[in-house]
Structures are given as structure tokens and as C-alpha cells.
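Have a look at the structure, try each task, and then follow the solution.

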Amino acid sequence: MARNGRSNDWGFPRWRSYGATREAQAVRLCDRHGCDRPGDCPAPKSPNSRERWYFCADHAGEYNRNWDYFQGLDQEEREQRERDEQREANGYQSSAYHGWGGPGDGSRSRDELNALKALELEDDVDFEAVKKSWRRLAKENHPDVKPGDAQAAIRFQTIQAAYEVLRAAEERRTWKPRERAD
């Protein structure tokens, strides 16, 4: 007669969770010689290889500090590889990266920066300051306050457009999904 084994499902196989077996879980150890901690931080073995070392956090940090992308290349080959990678489309150009947005922290678009300039504000103001400046400038340049002044009308339209750009950007920045009323 067959002997029944222990089970956690009490006769209902669908109650078993995935991966909840009684066997020991395989843990990959750190690839550093003599280390017995889990190796859960992958690090490349060479610049263009898919092979990886797996280190613990401490040894991964040590490996990254000592990593030399140009290892095994002489000075001329290093310079040639650097020129080739900067020339290609996937090369990193630091000047193009930092120069796209102008001043500020890079969180505002060029349109937003132009709108802030139209409202006579700095690049890093909050939306409350935008509202105050918009109200002040709209009152000064409103067509009812200055009837027949073409320059004031154009300035008023510019202020309105700038406010709309900044209001839309603020809505995008602070948008949260609505809760459904079920």
C-alpha cells in the first residue's frame, strides 16, 4: 500500500501557490573568491560581452570603482574607440545633453521658459507666483483699462497665452487619476 506524503493543499491542488515547494531554493553566491553572501548584483565581464559576474553589493561596488572600460587597449586604440563612439548616433555628447533646456534644472520646456519670461518671472518659480504675476499684468494691460492701445492688447494676448502654457504644464505635472465612484 502506498504511503501518503505531507501536503499543504488539504486535498485541493489549486490552493498550492507557485514556487511553494519544500525543496531548497537555489541561491547564487558572490563570484568573488571566498565570499559566501548572495551574488545578486550583475556586472559585465568585458565592455561588449553579454557575460556577467554576479557579486554581493560590497564587491559590486568595489568592482565598479575599479572598472576600466578601455582595459587592454593602448592609448591610440583608446582614443580611436572614444572618437568612434562619440561620432556614432549612440555616442554620448555631453554638450548636447546639457544645452537643450537652457537655464534651470531641466524640468521645464523651452515654451515654458519663454512663457515665464513673458510673465517677467524667474525660471524656478512655483505656480502660485505665476498666478500672481498673471493677474497683475492682466490688470495692467487689459483692453478695458487701456482702450484703443494696440500695444497693450498685444501684450494682454501674450500674457494670456503664456499663462495657458504654464497652466497646462502644471496640470500635467500634478495630474492624478480620478477615483471612480462605484
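**Exercise 1.** Are Phe-127 and Tyr-163 buried or exposed, and which helices hold them?

*Solution.* In this predicted model, Phe-127 and Tyr-163 are both buried. Their rings form a stacked aromatic pair, with 6.0 Å centre to centre and 25 degrees between the planes. The pair links distant parts of the chain, as Phe-127 sits in helix α5 and Tyr-163 in helix α6, 36 residues apart.

**Exercise 2.** Work out how the axes of α5 and α6 are oriented to each other.

*Solution.* Start with the geometry: the axes of α5 (residues 127-141) and α6 (residues 150-174) come within 9 Å and cross at roughly 160 degrees. Angles over 145 degrees count as roughly antiparallel, so α5 is roughly antiparallel to α6. Next, the handedness: α5 passes α6 in a left-handed crossing. Finally, the residues: those that meet include Trp-134 and Leu-137 in α5, and Arg-155 and Ile-159 in α6. By class, this contact has 10 nonpolar, two polar and four charged residues.

**Exercise 3.** Find where Ala-118 lies and which residues it contacts, leaving aside neighbours within four places in sequence.

*Solution.* Ala-118 belongs to helix α4 (residues 110-118). Its relative accessible area is 16%; the cut-off for buried is under 20%, so Ala-118 is buried. Beyond those sequence neighbours, Ala-118 is in contact with Leu-137, Arg-155, Thr-158 and Ala-162.

How values were computed. Residues are numbered from 1 along each chain as its sequence is written. This is a predicted model: local features need pLDDT of at least 70, side-chain atom pairs count only at pLDDT 80 or more; totals for chains, interfaces and linings use all residues. Side-chain values use heavy atoms; hydrogens and water are left out. Helices (H or I, at least four residues) and strands (E, at least two) are DSSP runs, numbered from the N terminus. Buried means under 20% relative accessible area, exposed over 50%, partly exposed in between (1.4 Å probe, protein chains only). Contact means heavy atoms within 4.5 Å. Axes are lines fitted to C-alpha atoms, for helices over the stretch in contact, and angles run from 0 to 180 degrees between N-to-C directions. Angles under 35 degrees count as roughly parallel, over 145 as roughly antiparallel, 65 to 115 as roughly perpendicular and the rest as oblique. A crossing is left-handed if the near helix is turned anticlockwise from the far one by less than a right angle, and right-handed if clockwise. Ala, Val, Leu, Ile, Met, Phe, Trp, Tyr, Cys and Pro count as nonpolar, Asp, Glu, Lys and Arg as charged, and the others, Gly among them, as polar. Rings of Phe, Tyr and Trp (its six-membered ring) pair if their centres lie within 6.5 Å; planes under 30 degrees apart count as stacked, over 60 as edge-to-face and the rest as tilted.
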